[in-house]
Structures are given as C-alpha cells and as structure tokens.
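Subject: Structure handover

Hello,

Here is the structure I promised you. Please open it first, then read my notes below.

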Amino acid sequence: DLEKEIKEQAELLDRFGEEEISRIEKVAKMIEDVNTSSGRVYLFASGSSLNACLYARELFSRDNDITLEVFPAGEAKNHADDIKQDDLVILVSQSGESGDILDTNRLINESVKKIILTNSIASKLAKDADIVVDLKAGEEKAIPATKTYFATLLVFTMISEELKGTIQI
C-alpha cells in the first residue's frame, strides 16, 4: 500500500480544479492582507501536518518575507490569548477530527479568521472555517500519511507562488 500511495503523489496536482485554485488564491490574499496590516499568521497542527507547517514557515520567510508563527496544536492554550482579531489562524489536519486540533479550534476566538487545510472537508474542523482547502489526497491506506503530507506541502508551495505572483497551474 505504501509504495502505491507514494506513486499516487504525482497525480495530486491534477486533482486541483478551479474551485480549489480559487481558494488557494483567496488564502494567499488573506495572508498578504494580514501581513500588510501588521497582523500575524498562526499555524497549528500535529504530526506530519506540523512538519509541513515548519516547511511553510521556512518557505514563506525565504520567498515571501512573511513570518508564520507555527505551533503544535497541543500548545494552543499557551498562545490563544496572543491571537488578535486582525490575525489569521491556519489549522492543518489530515482528518479534521483529531482531539488536539479540535481543542485548538475551540480556543481560538470566533472573530478571528480561520483557514482549514484538510483531507476531509466533511470533518468537524472544516465546519468552522472561513475557507477550507481540500488537500485532495484521497484515502490514506498506508500508516504514514504520505499523500496528505505531500499534498499539504504542495498547497503551501502554491500559496507561496501565488503571493509571488508566479503561480502556474
């Protein structure tokens, strides 16, 4: 199953249609607006999703001169009071159902704009978002979340390219 899922990664970009590209463009605009207004962009995730967020932090810093605040979902209680109304929160979760990310979502003030990146747009997490980006990875059958991880990296790269004005899909 793992080898098959690794080979499926090459097909991921083809799964992003106009609707998802439009969402990615909106996410890039929201990040740009928050950055321009001196707000902060917070990312919360766990496991491989957290590793993808760390990639995004480095990518956005290098290519877009944008600072992303990245934290494990389990630490949200330590940062929730720092998040202001003009900030932006991005929650990343393969399933959109894990307890730590749902707890993080509950801690974030309702007036703060939230973007959800998930492989399950019907999840509890996705129901409480300003924008939901479907990772389009399909069902994960192997234990490592290879397709979802790769899809998250791909979405962050697409957002970064949109911010640079160089997205070509």
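How much accessible surface does the chain have, and what percentage of it belongs to carbon and sulfur atoms? The surface comes to about 8500 Å², and 47% of that belongs to carbon and sulfur atoms. Accessible areas come from the Shrake-Rupley method with a 1.4 Å probe, and for residues only the protein chains shown count as cover.

This is a predicted model: local features need pLDDT of at least 70, side-chain atom pairs count only at pLDDT 80 or more, and totals for chains, interfaces and linings use all residues. Residues are numbered from 1 along each chain as its sequence is written, and side-chain values use heavy atoms, leaving out hydrogens and water.

Overall fold: the chain has five helices and five strands. These are DSSP runs numbered from the N terminus (helices: H or I, at least four residues; strands: E, at least two). Their order from the N terminus is α-α-β-α-β-β-α-β-β-α. Of the 169 residues, 48% are buried. Buried means under 20% relative accessible area, exposed over 50%, partly exposed in between (1.4 Å probe, protein chains only).

Two loop residues stand out by phi. Most residues other than glycine have a negative phi. Ser38 has a positive phi near 65°. Ser38 sits between helix H2 (18-36) and strand E1 (41-45), and is exposed at 64% relative accessibility. Asp65 also has a positive phi, about 55°. Asp65 lies between helix H3 (47-64) and strand E2 (68-72), exposed at 67%.

Asn105 belongs to helix H4 (residues 99-107). Asn105 is buried, at 8% relative accessible area.

Best wishes
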